[in-house]
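Open the model in your viewer and keep the selection tool at hand. The stops below say what to select next and what is there.

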Amino acid sequence: MLAMVITRFGDPDVFELQDIERPAPGPGEVLVRVVVSGTNPVDAKIRQAGTWAQIPLPAVLGYDVSGVIEGLGPGVAEFQVGDEVFYTPEIFGNRHGSYAEYTIAPGSIVAPKPANLSHVEAAGIPLAGGTAWEAIVRRLNVRPGETVLIHGGAGGVGSFAIQFAKAAGARVIATASEVNHSAVQELGADMAVDYRDADVAERILGATGGDGVDASFDTAGGNVSLSTLVTRPFGRIAAILPPDGDLSALYTRNQTLFGTFLTRESARLREMTPVFERGQAKVVIDTVLPLAEVGKAHARLDSGHGRGKIILQVEQ
């Protein structure tokens with residue numbers, strides 16, 4: 001099979017198009033023909049220096065998949081060859097990512113693709129969407145009528161978080177650079193605040209009558225300390241990166257802080273699917289590139305520019 005392989009860590013030019021052996025599914029695993037692969041910031045971090053993720057070289061990166069079941073390992077009963085599926089592969093120690101024509105995965109982390117979505121759309125969901133769902137729905141348990149603050153609302157995780165919070169019936173305040181204010185409002189944010197403003201805390205508190213938001217989700221990192229000041233007493237805070245700064249208000253205000261590290265499971269993908277099938281959430285696509293141009297996709301990831309998901313078309 002054809003795959004974009006790295007034999008060393010480094011810049012976006014480390015990818016090589018190679019014809020490598022197709023993996024075979026073991027017990028409990030499925031072989032997936034990759035139609036489309038998503039890309040994520042973590043892909044670039046691993047490409048740069050992936051020893052922290054215990055990635056053995058040579059390796060195929062890529063952690064968002066939409067494709068078709070091509071083969072079943074012993075013990076897999078919930079899928080059939082030909083089923084359209086989507087999922088996010090494990091990262092740590094995994095050398096069989098989605099920048100390839102085929103990949104393998106435990107059947108327990110794979111789910112049927114939302115019926116109304118294309119493979120391009122579905123490939124943009126699992127990792128970023130799953131992280132947002134874990135925080136907004138499972139950890140923060142956002143309820144109708146609450147006010148939720150999303151730090152980094154224009155990012156991959158943030159864009160899903162806004163939509164999930166709105167689907168739950170919440171009022172949403174999102175931080176983003178001024179150029180992205182219209183984008184987060186189109187996703188459903190009721191108020192957009194420039195995270196670089198000196199009075200960002202005052203603006204958030206002012207929008208809540210001084211009470212603070214009910215829940216806050218830091219998708220960008222470095223905002224937990226701010227969240228403790230603008231979240232109400234007994235409120236909830238979630239973060240996807242380790243918190244830093246002064247967290248004393250977390251205790252004096254009796255707040256709860258949730259760390260959010262995405263585990264891989266089919267159940268979460270199945271939980272999210274109705275929201276997409278009902279049209280309550282959508283995938284924001286920045287651009288679609290052929291697999292051979294994965295280096296260009298990673299250059300975009302490195303730049304931090306772009307709005308939405310960068311997708312790789314694997315099957316022509």
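The tour goes from the core to the pockets, then to one serine and the cavities.

This is a predicted model, in which local features need pLDDT of at least 70 and side-chain atom pairs count only at pLDDT 80 or more, while totals for chains, interfaces and linings use all residues. Residues are numbered from 1 along each chain as its sequence is written, and side-chain values use heavy atoms, with hydrogens and water left out.

**Stop 1: the core**

Select Tyr99, Ile136, Phe164, Phe217 and Phe276. Among the 81 residues of the largest nonpolar core, these five touch the most other members. A nonpolar core is a set of buried Ala, Val, Leu, Ile, Met, Phe, Trp, Tyr and Cys residues joined through side-chain atoms within 4.5 Å. Buried means under 20% relative accessible area, with a 1.4 Å probe and protein chains only. In soluble globular proteins, nonpolar side chains tend to be buried together.

Now centre on Phe164. Beyond its neighbours within four places in sequence, which residues is Phe164 in contact with? They are Gly129, Ala132, Trp133, Ile136, Met272, Val275, Phe276 and Ala281; contact means heavy atoms within 4.5 Å. Another core, of ten residues, lies apart from the largest one, and its members include Leu149, Ile173, Ile204 and Val230.

**Stop 2: the pockets**

Select Pro41, Gly155, Gly156, Val157 and Thr219. Of the 47 residues that line the largest pocket, these lie nearest its centre. A pocket is an open set of points on a 1 Å grid over the protein atoms alone, with protein on both sides within 12 Å along at least five of seven lines; lining residues have an atom within 4 Å of a point. The volume of the largest pocket is about 1600 Å³, where a volume is the space filled by probe spheres set on the points, and points are joined across faces, edges and corners.

Next, colour helix H1 (41-49), which gives the largest share of this lining, five residues. Helices (H or I, at least four residues) and strands (E, at least two) are DSSP runs, numbered from the N terminus. Helix H4 (156-167) and strand E15 (309-313) are among the elements that each supply at least two residues of the lining of the largest pocket. By class, that lining has 20 nonpolar, 20 polar and seven charged residues.

Move to Ile20, Glu21, Val60, Arg95 and His96. They lie nearest the centre of the second largest pocket, which is lined by 16 residues and holds about 220 Å³ of space.

**Stop 3: Ser266**

Select Ser266, in helix H9 (residues 266-277). Is Ser266 buried or exposed? Ser266 counts as buried because its relative accessibility is 9%. A polar atom of its side chain lies 2.9 Å from the backbone oxygen of Val110. Leaving aside neighbours within four places in sequence, Ser266 is in contact with Ser108, Ile109, Val110 and Ala111.

**Stop 4: the cavities**

How many cavities of 30 Å³ or more does the structure hold? There are two; a cavity is a set of grid points where a 1.4 Å probe fits but cannot get out. For the largest cavity, select Thr88, Ile109, Pro126, Gly130, Leu262, Arg264, Glu265, Arg268 and Leu269, which line it. Its volume is about 40 Å³, and H3 and H9 each supply at least two residues of its lining.

Finish at the second largest cavity, of about 30 Å³. Its lining consists of Gly156, Ser159, Phe160, Val283, Val284, Gly308 and Lys309, and H4 gives the largest share, three residues.

Methods. Buried < 20%, exposed > 50% of the residue type's maximum accessible area, 1.4 Å probe, protein only. Nonpolar A, V, L, I, M, F, W, Y, C, P; charged D, E, K, R; others polar. Polar contact = N/O pair within 3.5 Å; in protein donor to acceptor, adjacent residues only side chain to side chain.
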